[in-house]
Amino acid sequence: MTSCHIAEEPIKKVAIFGGTHGNELTGVFLVKHWLENGAEIQRTGLEVKPFIANPRAVKKCARYIDCDLNRIFDLENLGEQNIRFLHNKKDVFDFFQTSLAPLPCYIYLIEHPSLKYATTRSIAKYPVGIEVGPQPQGVLRADILDQMRKMIKHALDFIHHFNEGKEFPPCAIEVYKIIEKVDYPRDENGEIAAVIHPNLQDQDWKPLHPGDPMFLTLDGKTMSLGGDCTVYPVFVNEAAYYEKKEAFAKTTKLTLNAKSIRCSVH
């Protein structure tokens, strides 16, 4: 019996962006280092270039200046001919999860028919986004720097192995697919009327069952999850999302299967 596989063209160019949000300093710090000395990110047969994506915001240590750079890479701004997506990236994440163990590597699937999330990676031929944290905005931490540095190394190693002809076997990957974004409870003036409940705080990727507390008012009233489905909250009480009116996002946990993948030219 022969196994089915997907043959892809070799990858020749990789861009590494730091500072898409100017107050997320880990990427900024690493890219500035690699602009001075990029030996560790170079791989044979691969052109790797680091970029500071949002220099004005980086200079001010602000998320953005005029608009959120990580939300405007859409058809309206770029034109349909410039948008390309790769729909089978599960082998990449399987490689990450294996390489980074025992550190967790959760997969957030943001494909949704009505939720717009036009990030910088949307225009890449092979878009993969990796987020490391959480950590406070405008702060550098050695452990987070180390984790991000390792992830970049493993990503480049994956591409190098792929280009060299290594076949990556079929795999099953657990993912968290977005269902909807949840706003904070608000009063008649649009002001936040309740905060994330202590039982939900810091519980990203953990199951939230119907009846479990979500929000808490100052007078002690608890607001709980309704419905009859267990969800998995992510980006709980994210500081940058207050302006976007997002307290957290609900996801559902799925298992996806990927065929083996190898380079079609070697």
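Where is the place of Glu131? In this predicted model, in which local features need pLDDT of at least 70, side-chain atom pairs count only at pLDDT 80 or more, and totals for chains, interfaces and linings use all residues, Glu131 lies in the loop between strand S4 (108–109) and helix H5 (142–163). Residues are numbered from 1 along each chain as its sequence is written, and side-chain values use heavy atoms, with hydrogens and water left out.

The chain holds five helices and eleven strands; helices (H or I, at least four residues) and strands (E, at least two) are DSSP runs numbered from the N terminus. Of its 266 residues, 39% are buried, where buried denotes under 20% relative accessible area, exposed over 50%, and partly exposed the range in between (1.4 Å probe, protein chains only). The chain exposes about 15300 Å², of which carbon and sulfur atoms supply 53%; accessible areas come from the Shrake-Rupley method with a 1.4 Å probe, and for residues only the protein chains shown count as cover. Among contacts (heavy atoms within 4.5 Å) between residues at least 6 apart in sequence, 72% join residues at least 24 apart.

An unreviewed UniProt entry lists Arg63, Glu131 and Tyr241 under "binding site", and the feature "active site" is placed by UniProt (unreviewed entry) at Glu131. UniProt positions are given in the numbering used here, feature names are shortened, and annotations may be inferred rather than shown by experiment. Glu131 counts as exposed because its relative accessible area is 54%. Arg63, by contrast, counts as buried because its relative accessibility is 10%. Arg63 is located in the loop between helix H2 (55–60) and helix H3 (75–78). The side chain of Arg63 makes a polar contact with the side chain of His21 (3.4 Å); such a contact is a pair of N or O atoms within 3.5 Å, in which, within protein, one must be able to donate a hydrogen and the other to accept it, and residues adjacent in sequence count only if both atoms are side-chain atoms.

Strand S4 pairs with strand S5 (residues 171–182) in the parallel sense over two bridges, pairing being assigned if DSSP finds at least two bridges between two strands. Leu109 has Lys177 in S5 as its bridge partner. S5 is also joined to strand S10 (residues 248–258) by eleven bridges, and these strands run antiparallel. Val175 stands opposite Leu254 in S10.
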